Amino acid sequence: MKNILMFLMVVSSLHLFSQSNDSLTYYLSKSNENIMKGLYDRALITCNHALRLDSNNCKALKMKGLALSSLGKTDEVKKHYQLSIKKNCNVINNLLTLKSL
């Protein structure tokens, strides 16, 4: 009985992890799609959803920076790229982008 309960707990926790990972993939995909369509406001929203699920996700951080930049939010872009540098997300590209602002 104890083994069955343990098994059920493990299976249910795997399902929860799978759901959040699928959601993260979904939001990253939607963010990319919105950026490709030039819908930067929507991309910003979906990036924020992805970052709520994984605040260290470099893809979400990069797309958020791109969306902010495309919206002309220069001050926010600088803060955002500095944050992504701290999180070690392709530091060289972020530094080059930050210097160009």
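Reader: Which residues does Ala 67 touch, leaving aside its neighbours within four places in sequence?
Author: Ala 67 is in contact with Tyr 40, Ala 43 and Leu 44, once those neighbours are left out. Contact here means heavy atoms within 4.5 Å. Keep in mind that this is a predicted model: local features need pLDDT of at least 70, side-chain atom pairs count only at pLDDT 80 or more, and totals for chains, interfaces and linings use all residues. Residues are numbered from 1 along each chain as its sequence is written, and side-chain values use heavy atoms, with hydrogens and water left out.

Reader: Where does Ala 67 sit, and how far is its C-alpha atom from that of Arg 42?
Author: Ala 67 belongs to helix H3, which covers residues 58–70. Helices (H or I, at least four residues) and strands (E, at least two) are DSSP runs, numbered from the N terminus. Ala 67 and Arg 42 are 25 residues apart along the chain, and their C-alpha atoms are separated by 8.9 Å.

Reader: Why is Ala 67 called buried?
Author: Look at its relative accessibility, which is 0%. Buried means under 20% relative accessible area, exposed over 50%, and partly exposed in between (1.4 Å probe, protein chains only). At 0%, Ala 67 therefore counts as buried.

Reader: What makes H2 and H3 roughly antiparallel?
Author: Helix H2 spans residues 40–53, and it packs with H3 at an angle of about 155 degrees, with the axes 9 Å apart. Axes are lines fitted to C-alpha atoms, for helices over the stretch in contact, and angles run from 0 to 180 degrees between N-to-C directions. Angles under 35 degrees count as roughly parallel, over 145 as roughly antiparallel, 65 to 115 as roughly perpendicular and the rest as oblique. So H2 and H3 come out as roughly antiparallel to each other.

Reader: Which residues make that contact, and how do they divide by class?
Author: On the H2 side you'll find Tyr 40, Ala 43, Leu 44, Cys 47, Asn 48, Ala 50 and Leu 51. H3 brings Ala 60, Leu 61, Met 63, Lys 64, Ala 67, Leu 68 and Ser 70. By class, the contact has 11 nonpolar, two polar and one charged residues. The sorting rule is that Ala, Val, Leu, Ile, Met, Phe, Trp, Tyr, Cys and Pro count as nonpolar, Asp, Glu, Lys and Arg as charged, and the others, Gly among them, as polar.

Reader: How do you know that H3 and H4 are roughly antiparallel?
Author: H3 and helix H4 (residues 74–86) pack at about 165 degrees, their axes 9 Å apart. H3 and H4 are therefore roughly antiparallel to each other. The contact includes Leu 61, Lys 64 and Gly 65 of H3, and Glu 76, Val 77 and His 80 of H4 among others. Its residues divide into six nonpolar, four polar and two charged.

Reader: Why is Ala 50 called buried?
Author: Ala 50 has a relative accessible area of 0%, so it is buried. Ala 50 is found in helix H2. Beyond four places in sequence, Ala 50 touches Leu 24, Tyr 27, Leu 28 and Ala 60. Leu 24 is 26 residues away in sequence, yet the two C-alpha atoms are 5.3 Å apart in space.

Reader: And why does Ser 31 count as buried?
Author: Ser 31 has 0% relative accessibility, so it counts as buried too. Ser 31 is in helix H1, residues 2–36, and it touches Ala 43, Thr 46, Cys 47 and Met 63, not counting residues up to four places away.

Reader: What makes Cys 58 partly exposed?
Author: Its relative accessible area is 26%, so Cys 58 is partly exposed. Cys 58 lies in helix H3.

Reader: Why is the pair of Tyr 26 and Tyr 27 called edge-to-face?
Author: Rings of Phe, Tyr and Trp (its six-membered ring) pair if their centres lie within 6.5 Å; planes under 30 degrees apart count as stacked, over 60 as edge-to-face and the rest as tilted. By this rule the count comes to one aromatic pair. Tyr 26 and Tyr 27 are 5.3 Å centre to centre, with 70 degrees between the planes, and that pair is edge-to-face. Tyr 26, at 47% relative accessibility, counts as partly exposed, and Tyr 27 is partly exposed at 23%.

Reader: How many helices and strands does the chain have?
Author: Five helices and zero strands. Buried residues make up 26% of the 101 residues in the chain.
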